[in-house]
Amino acid sequence: MNNAVPFEWIAAVRFLREGRLQTAFIILGITIGVAVIVFMSALLSGLQVNFLDRVLTSSAQIQLLPLDQVARPLFASDDVIEDATVQRPTQRIVSINQWQKVRDRVAQMPGVLNAAPTMLGSALVTRGDASRAVRVSGVEPESYFPIIRIPDFLTEGKATLANDEIILGTDLATNLGASLGDTVNVRAASGNSVILRITGLFDLGNKAANESVSYVALRTAQSLLGQAGAVTTIEVKIADVYAAERLAQQIAAANPVKAESWIATNAQFFTAIRAQQSSNTLIRAFVGLSVAFGIAAVLVVSVIQRSKDIGILRAMGTTRGQILRIFLIQGGLLGLAGAIIGCLVGAGGLIWYHSLIRQADGSELFPLLLERQMFIVTLGLATITGLLSATAPALRAAKLDPVDAIRG
Amino acid sequence: MHLEGIRRSYNIGLPSEIEILHGIDLDLHRGEFLALMGASGSGKSTLLNIIGLLDRPTAGHVFINGIDTASLDDSAITRLRGHAIGFVFQEHHLISAFTALENVMMPMIVDRNGGSDAIRARALGLLAKMGLAHVGDNMSSNMSGGEQQRVAIARALAMQASLILADEPTGNLDSQSADNVFDFMRQLNRDEGTCFLIVTHNLELAQKCDRIITMADGAITPA
Ligand SMILES: Nc1ncnc2c1ncn2[C@@H]1O[C@H](COP(=O)(O)OP(=O)(O)OP(=O)(O)O)[C@@H](O)[C@H]1O
Ligand SMILES: [Mg+2]
């Protein structure tokens with residue numbers, strides 16, 4: 001017996017130790033509950049981070065687009081509408097009005113890191129007999145690549161874009177039977193066509209994108225699509241990705257553009273995340289409850305089993321407060337011990353799962369997110385749960401009449 | 001210690017209320033060695049619990065050193081009990097989660113809310129006096145009945161209580177061990193002047209005491 005340890009702690013630990021099987025089982029129960037919570041929470045936030053990462057590396061956080069073209073009804077005379085059916089006009093390729101001014105203004109807004117003008121259109125890429133419809137993005141490498149990090153996804157070649165160069169997705173190149181250094185013919189709907197040399201191949205980790213995406217110089221795209229000097233979108237990168245919606249609204253209010261944040265574009269994803277988070281919270285709450293009842297049940301039984309011990313302790317001058325604390329401490333210790341093992345098991349399980357489940361290309365499916373804060377919160381909550389669930393049994397023990405307790 | 005008109009009833013206020021003790025007056029003096037005898041169910045344990053401040057009488061007063069214990073609250077009673085009174089129970093003498101030595105240290109640890117080397121030394125000394133120095137580290141559940149009872153006596157002595165209440169301390173022992181335990185208590189009474197009140201059914205042992213108090217049906221029969 002350690003001299004420095006208060007009596008209640010010694011007694012609590014001894015009682016837990018003597019009730020071996022009960023203690024072991026309830027700790028096992030808590031361990032399972034905590035491990036599931038740790039595993040699930042970490043997995044969920046890992047997948048979330050992974051998804052955000054993917055979304056944010058392959059699309060801009062805010063996209064500026066030209067305003068929709070709206071049809072105006074024809075007025076025959078005052079207040080008399082000639083044609084009641086308002087047809088939506090075809091949305092031709094339209095440039096953003098005064099895009100240089102918009103870009104400069106947006107680039108200077110606080111919180112904005114970078115703004116990249118882009119010309120988007122479709123074209124037919126031909127090489128020999130093979131031809132494929134592709135999306136052509138005309139970009140300035142110096143402004144665009146910091147936003148959409150194509151250089152990071154290159155499998156071959158380099159990410160330069162001279163006027164006669166093109167970068168393709170790997171699957172597109174395969175379909176065309178083209179490889180690095182080959183030339184391809186690119187023809188737009190306008191009838192313009194150019195011959196471009198492949199200087200790079202990239203793999204975005206998404207077959208659909210790899211089959212249909214290509215990058216050329218902004219100027220090349222403009223002349224190919226017959227839109228000299230025009231840009232169809234401005235991609236914007238910002239410092240705080242979660243401020244995207246707010247910034248988008250500011251931009252739209254101050255400029256003649258439509259601004260779409262990635263948050264709005266991926267609204268479904270956020271709804272799904274929110275639903276998952278609330279179901280996760282619900283699961284945690286119920287696991288917590290069942291752990292609490294488990295601890296309470298074990299301690300209630302322990303109070304009954306130890307009523308004679310309690311009576312003798314009371315006869316020896318142990319106060320009701322001390323008895324109360326002995327059982328509260330047991331609850332807290334059970335919660336803490338179960339949580340420590342549960343955290344280890346949960347983290348271990350996640351590490352194992354992380355190494356087991358890989359993407360097709362062998363890269364990780366989700367980043368391993370084991371944050372210290374999560375563990376501290378889990379340990380704290382489990383200890384508090386233990387204390388709370390011990391209150392009823394502890395009060396019962398403290399209230400025991402020593403005479404009744406000894407009589408048994 | 002002075003008891004005056006002690007009554008104790010159970011199921012108070014219920015139709016089946018029964019009075020176990022019917023007005024007991026009793027004086028215990030410092031250094032006395034007393035036997036309490038009486039038929040089973042005569043109320044000996046009930047009286048002992050009241051004297052030991054484990055239980056409160058339904059009516060009457062318990063005075064300790066002239067203080068009416070009815071005026072004390074639960075924590076004061078608990079403290080007084082811890083310091084002034086030692087118990088030796090008939091059964092379940094020791095707390096099984098602790099070693100013999102720790103059981104003896106327990107009242108002192110409870111009192112100071114922690115152990116110390118002095119406490120350990122005192123407990124070892126008490127065990128040695130009981131001839132049990134060698135079993136100190138045994139878990140109490142691994143000891144014989146006689147050994148356990150002697151450890152329980154050592155524990156009752158730990159706080160240097162002025163009164164030791166022993167409810168059939170030798171009831172579960174063979175006559176040889178019973179004699180030994182009894183002799184230990186008598187020795188301690190002589191050496192340290194501790195007052196003992198011993199419930200026993202053994203007339204032979206009772207006759208070695210200073211005084212025999214006899215109970216019948218919840219009352220003390222005049223000697
Ligand atoms: N909590 C209680 N409720 C009701 N009756 C009780 C209670 N405690 C004791 N009694 C009764 O009081 C009477 C006296 O009991 P007590 O234990 O004092 O007897 P005792 O003299 O110690 O007997 P023994 O020698 O068998 O130990 C018994 O009839 C018992 O049934
Ligand atoms: Mg009895």
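## A buried arginine between chains

Arg14(A) is buried, with a relative accessible area of 12%, where buried means under 20% relative accessible area, exposed over 50% and partly exposed in between, with a 1.4 Å probe and protein chains only. The place of this residue is in helix α1 of chain A, residues 7-18; helices (H or I, at least four residues) and strands (E, at least two) are DSSP runs, numbered from the N terminus. The side chain of Arg14(A) reaches across to chain B, where the backbone oxygen of Ala97(B) is at 3.3 Å.

The structure is a predicted model, in which local features need pLDDT of at least 70 and side-chain atom pairs count only at pLDDT 80 or more, while totals for chains, interfaces and linings use all residues. Residues are numbered from 1 along each chain as its sequence is written, chains are lettered from A and ligands numbered from 1 in the order in which they are written, and side-chain values use heavy atoms, with hydrogens and water left out.

## The site of ligand 1

Residues from chains A and B surround ligand 1, so the site is shared between chains; a residue is counted as near the ligand if one of its heavy atoms lies within 4 Å of it. There are 13 residues around ligand 1, and those that come nearest are Ser40(B), Gly41(B), Lys44(B), Ser45(B) and Thr46(B). By class, this shell has three nonpolar, seven polar and three charged residues, with Ala, Val, Leu, Ile, Met, Phe, Trp, Tyr, Cys and Pro counted as nonpolar, Asp, Glu, Lys and Arg as charged, and the others, Gly among them, as polar.

Oxygen atoms of ligand 1 lie 2.7 Å from a side-chain N or O atom of Lys44(B), 2.7 Å from one of Ser45(B) and 3.5 Å from one of Glu168(B). Taken alone, ligand 1 exposes 640 Å², of which the protein buries 68%, the areas coming from the Shrake-Rupley method with a 1.4 Å probe.

## Helix α1 of chain B

Helix α1 of chain B (residues 44-51) gives the most to the shell around ligand 1, with three residues. Seven of the eight residues of α1(B) are buried, so this helix is largely enclosed by the rest of the structure; among the buried residues are Lys44(B) and Thr46(B). The helix is followed by Leu53(B), whose phi is positive, near 65 degrees.

## An antiparallel sheet in chain B

An open sheet of four strands in chain B has the order β2-β1-β4-β5, with antiparallel pairing, where two strands pair if DSSP finds at least two bridges between them. Its edge strands, each pairing on one side only, are β2 (18-27) and β5 (67-68).

Strand β1(B), residues 2-10, pairs with β2(B) over seven bridges, and Ile6(B) has Ile24(B) as its bridge partner in β2(B). Strand β1(B) also pairs in the antiparallel sense with β4(B), residues 59-64, over four bridges, and here the bridge partner of Arg7(B) is Ala59(B).

## Aromatic pairs

Over all chains the count comes to 12 aromatic pairs, rings of Phe, Tyr and Trp (its six-membered ring) being paired if their centres lie within 6.5 Å, with planes under 30 degrees apart counted as stacked, over 60 as edge-to-face and the rest as tilted. The rings of Tyr144(A) and Tyr215(A) have their centres 5.5 Å apart and their planes at 50 degrees, so this pair is tilted. Tyr144(A) lies in helix α4 (residues 141-144) and Tyr215(A) in strand β10 (residues 213-217), both of chain A, so the pair ties together parts that are 71 residues apart in sequence. Both tyrosines, Tyr144(A) and Tyr215(A), are buried, and together with Phe145(A) and Phe202(A) they form one aromatic cluster.

Definitions and conventions. A polar contact is a pair of N or O atoms within 3.5 Å; within protein, one must be able to donate a hydrogen and the other to accept it, and residues adjacent in sequence count only if both atoms are side-chain atoms.
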